[in-house]
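Please open the model in your viewer and keep the selection tool at hand.

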Amino acid sequence: MFPDDWFSYLKDSFKQESFKKLKEFIIQERLLFNIYPPQEDIFRAFIETPFNSVKIVILGQDPYHGFGQAHGLAFSVKNGVPIPPSLKNIFEELNNDLGFVAPDNGNLTLWANRGVFLLNTALSVREGLPNSHKNQGWEAFTNSVVSALSLHKEKLVFILWGNNAIEREFLIDKTKHFIIKSPHPSPLSAFRGFFGSKPFSKTNQWLLSQGKIPINWNLNK
């Protein structure tokens, strides 16, 4: 079920031929392979962060491709699931940036409920094959999501992690939103500029400069 508040801004996207082809593609994929996240969690980010509540957009690549990891929030895993390397690096940067100790789980629902919209450029993936659902129609849909946020919201922070996310910068109106971009937090790229990028403090400094309430990034309270 897709939330009504988001649907009112994205209804035309669901009518596009690319989205119809995407639906058929995923149906066939689920018949043949394990696809993540589960069907009921594909739009979890939209459920946990209503359109009017969005303050920050964190944009990643595609969902985790291991069993039981992805649950519809970019970079997040459910309680009890081992914390993936990319998320460990995010927590390390959070600690270095703001001093917050990493939680004992990788569930980022608290961030989502505080207005941090955790979106990937593709919202599904085949088990064991990262980027396996790239260029199947998700990009057209998530581009329309970013465009809708840029057009209809004011003073958002867009945090773009990795090339897949940075390629969407052109969709964002820089005259009214703030963009932070860096390499992906993956172990393959984190040391090329993700570590030390201080996205969390930069976000809050900009929000304060705009007269807005900063985000509580502490996942332990």
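About 110 Å³ of space lies within the largest cavity. To find this cavity, select Pro 63, Gly 72, Leu 73, Ala 74 and Asn 120, the closest to its centre among the 17 residues that line it. A cavity is a set of points, on a 1 Å grid over the protein atoms alone, where a 1.4 Å probe fits but cannot get out; lining residues have an atom within 4 Å of a point. Grid points are joined across faces, edges and corners, and a volume is the space filled by probe spheres set on the points. One cavity of 30 Å³ or more is found in a search of the whole structure.

The model is a predicted one, in which local features need pLDDT of at least 70 and side-chain atom pairs count only at pLDDT 80 or more, while totals for chains, interfaces and linings use all residues. Residues are numbered from 1 along each chain as its sequence is written, and side-chain values use heavy atoms, with hydrogens and water left out.

Next, colour strand β3 (residues 116-120), which gives the largest share of the cavity lining, three residues. Helices (H or I, at least four residues) and strands (E, at least two) are DSSP runs, numbered from the N terminus. By type, the cavity lining divides into 12 nonpolar residues, four polar and one charged. Here Ala, Val, Leu, Ile, Met, Phe, Trp, Tyr, Cys and Pro count as nonpolar, Asp, Glu, Lys and Arg as charged, and the others, Gly among them, as polar.

**Second stop: the pockets.** A pocket is an open set of points with protein on both sides within 12 Å along at least five of seven lines. Select Gln 61, Asp 62, Ser 86, His 184 and Ser 186, which lie nearest the centre of the largest pocket among its 25 lining residues. The volume of this largest pocket is about 530 Å³. Helix α7 contributes the largest share of its lining, three residues. The lining comprises 11 nonpolar, 12 polar and two charged residues.

For the second largest pocket, of about 170 Å³, select helix α2 (residues 17-32), the source of the largest share of the lining, six residues. Among the lining residues are Phe 19, Arg 30, Phe 43 and Trp 138. Seven residues of this lining are nonpolar, one is polar and two are charged.

Display helix α4 (residues 85-98) and helix α8 (residues 199-209), whose axes come within 7 Å and cross at roughly 55 degrees. Axes are lines fitted to C-alpha atoms, for helices over the stretch in contact, and angles run from 0 to 180 degrees between N-to-C directions. The two helices α4 and α8 are therefore oblique to each other; angles under 35 degrees count as roughly parallel, over 145 as roughly antiparallel, 65 to 115 as roughly perpendicular and the rest as oblique.

**Last stop: the backbone.** Centre on Pro 37, in the loop between β1 (35-36) and α3 (44-48). The peptide bond leading from Tyr 36 to Pro 37 is cis, with omega near -5 degrees. Then move to Asn 135, in the loop between β4 (125-126) and α6 (138-152). Asn 135 is not a glycine, yet has a positive phi of about 60 degrees. Is Asn 135 buried or exposed? Asn 135 counts as exposed, at 61% relative accessibility; buried means under 20% relative accessible area, exposed over 50%, partly exposed in between (1.4 Å probe, protein chains only).
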